[in-house]
Amino acid sequence: MNREATGLAGVRHLAYETLGSTNAEALALAHAGERGPLWITARSQTAGRGRRSSQWISPPGNLYATLLLTEPSPAAQAPQLSFVAALALHDAVANVAPRLGPSLKVKWPNDLLVGPAKVAGILIEGESDPGFAVAIGIGVNCTAHPSDVAYPATDLAAAGSLVSAETLLTALSSAMQLRLAQWAQGSGFAAIRTDWLKRAAGLGESLRVRLPERELSGRFRGLDEAGHLLLEQGGNVTTVTAGEVFAFDRPNDEGSC
C-alpha cells in the first residue's frame, strides 16, 4: 500500500509501508515515464543497498527516502548531486537536531557523520530510458544503526537527539530545494564545493581510501573542481575519482601514511 501526498516543499510524495528499495522503485517509475520531482519513502526496506551494492540494513524507525529528478543537469554533472544531497542532509539534521550541529561532518564522497561515526549515507543512481533521470537515495539512522560494519556507525537517538523520520523528511525536502537551486544544474558547483569543504571531515588530516584494486594513504588536501578527492602522498597529489574513505587516522598515526 502507498499514498500520495504533497507538502514536502511542494514536491509530490509516495509513502510506502515496505519496499525492496526506494531507489529501485524510483528508477522503475522513471523507466515507466514518471518525470518527477517525486519523493519516495518507505518505513522499511527488504533490499536496501549502499554504494558498490553493499547491503543497507533497513528496520522501521529510520529514514529511507529517494528524490527522483528528471534532467536535473547534463549527465556529466549529475555525480555532483552527491555533494548537493550531503549539504542538504547536513542542513536538515542541523535544523531538527541543533545540539548535534557542531559534531556533524560530511565524509567524501557521500556520507554524513556525527563525530567519528556514520549516521547517514547517500546513493546516486541514474536511468537513461526513456530519458535521463536521477534517483538521490538517502538513508538516515534515526533510531537504530548496524554494529557489524567496517566504518563506525551511530543513530540520531543514540547521539542524543530523538527525531522521527517524518520530521527529518520535511526538513530535508526544504533543504534539498534550496541546495538544488544553489547548484543550478551544475553551474553553481563552485559554491557547493566551498560549502561542502567547510563541513568536511578530516580536511588536512591523514586518511585511507579503499579502491577496488588497492588502498591509498595520504593527507586529505581538498576537492578538485569536479569534486574528486585530492590526496597528498610524499609531496605529490593524487586525484581520486572514486573510492571509499573508511577510516581517518588520529594524529599519532600519521607516520603510517
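Visitor: What does the accessible surface of the protein come to, and what share of this surface belongs to carbon and sulfur atoms?

Guide: In this predicted model, the accessible surface comes to about 11,400 Å². Carbon and sulfur atoms hold 50% of that area. The protein has 257 residues, of which 50% count as buried. Four helices and 13 strands are found in the protein.

Visitor: Why is Phe 83 called buried?

Guide: The relative accessible area of Phe 83 is 5%. Buried means under 20%, and Phe 83 is therefore buried.

Visitor: How many aromatic pairs does a search of the whole structure find?

Guide: The search finds two aromatic pairs. One of them joins Phe 83 and Phe 189, with 5.7 Å from centre to centre and 65 degrees between the planes.

Visitor: What makes the pair of Phe 83 and Phe 189 edge-to-face?

Guide: Ring centres must lie within 6.5 Å for a pair, and planes over 60 degrees apart count as edge-to-face.

Visitor: What is the geometry of the pair of Phe 83 and Trp 196?

Guide: The pair of Phe 83 and Trp 196 is edge-to-face, at 5.4 Å centre to centre and with 80 degrees between the planes. Here too distant parts of the chain are linked, since Phe 83 lies in helix 2 and Trp 196 in helix 4, 113 residues apart. Trp 196 has 0% relative accessibility and therefore counts as buried. Phe 83, Phe 189 and Trp 196 form one aromatic cluster.

Visitor: Why is strand 8 described as largely enclosed by the rest of the structure?

Guide: Eight of the eight residues of strand 8 are buried, and the strand is therefore largely enclosed. On one side lie Ala 133, Ala 135, Gly 137 and Gly 139, and on the other Val 134, Ile 136, Ile 138 and Val 140, all of them buried.

Visitor: How do you know that strand 4 (residues 63-70) and strand 7 each pair with strand 8?

Guide: Two strands pair if there are at least two bridges between them. Eight bridges join strand 4 to strand 8 in the antiparallel sense, and Leu 63 has Val 140 as its bridge partner. Eight bridges also join strand 7 to strand 8, again antiparallel, with Gly 121 opposite Gly 139. Strand 7 and strand 8 form a hairpin with five residues between them.

Visitor: Which strands pair with strand 6?

Guide: Strand 5 (residues 104-107) runs antiparallel to strand 6 and is joined to it by four bridges, with Lys 107 opposite Asp 111. Strand 7 (residues 117-127) also pairs with strand 6 over four bridges in the antiparallel sense, and Leu 113 has Lys 118 as its bridge partner. The hairpin of strand 5 and strand 6 has three residues between the strands, whereas that of strand 6 and strand 7 has two. In the latter turn, Gly 115 has a positive phi of about 65 degrees.

Visitor: How do you know that the charged end of Lys 107 sits over the ring of Tyr 151?

Guide: The charged end of Lys 107 sits over the ring of Tyr 151 at 4.6 Å from its centre, and the distance limit for such an arrangement is 6 Å.

Visitor: Why does Ala 157 count as partly exposed?

Guide: Buried ends at 20% and exposed begins over 50%, with partly exposed in between. Ala 157 has 32% relative accessibility and therefore counts as partly exposed. Its place is in the loop between strand 8 (133-140) and helix 3 (165-183). Leaving aside residues up to four places away in sequence, Ala 157 touches Cys 142, Thr 143 and Leu 162.

Visitor: How does the reach of helix 3 compare with the expected value?

Guide: Helix 3 has 19 residues and reaches 26 Å from its first C-alpha to its last, close to the expected 27 Å. Its buried residues include Leu 168, Leu 172, Ala 175 and Trp 183. Ala 184 follows helix 3 and has a positive phi, near 55 degrees.

Technical notes: Residues numbered from 1 in each chain as written. Predicted model: local features only at pLDDT ≥ 70, side-chain atom pairs only at ≥ 80, totals over all residues. Heavy atoms only, no water. Buried < 20%, exposed > 50% of the residue type's maximum accessible area, 1.4 Å probe, protein only. Contact = heavy atoms within 4.5 Å. Expected span 1.5 Å × (residues − 1). Areas by Shrake-Rupley, 256 points an atom, 1.4 Å probe, with all protein chains shown as cover. Phe/Tyr/Trp six-rings, centres within 6.5 Å; stacked < 30°, edge-to-face > 60°. Lys NZ or Arg CZ within 6 Å of the ring centre and 35° of its normal.
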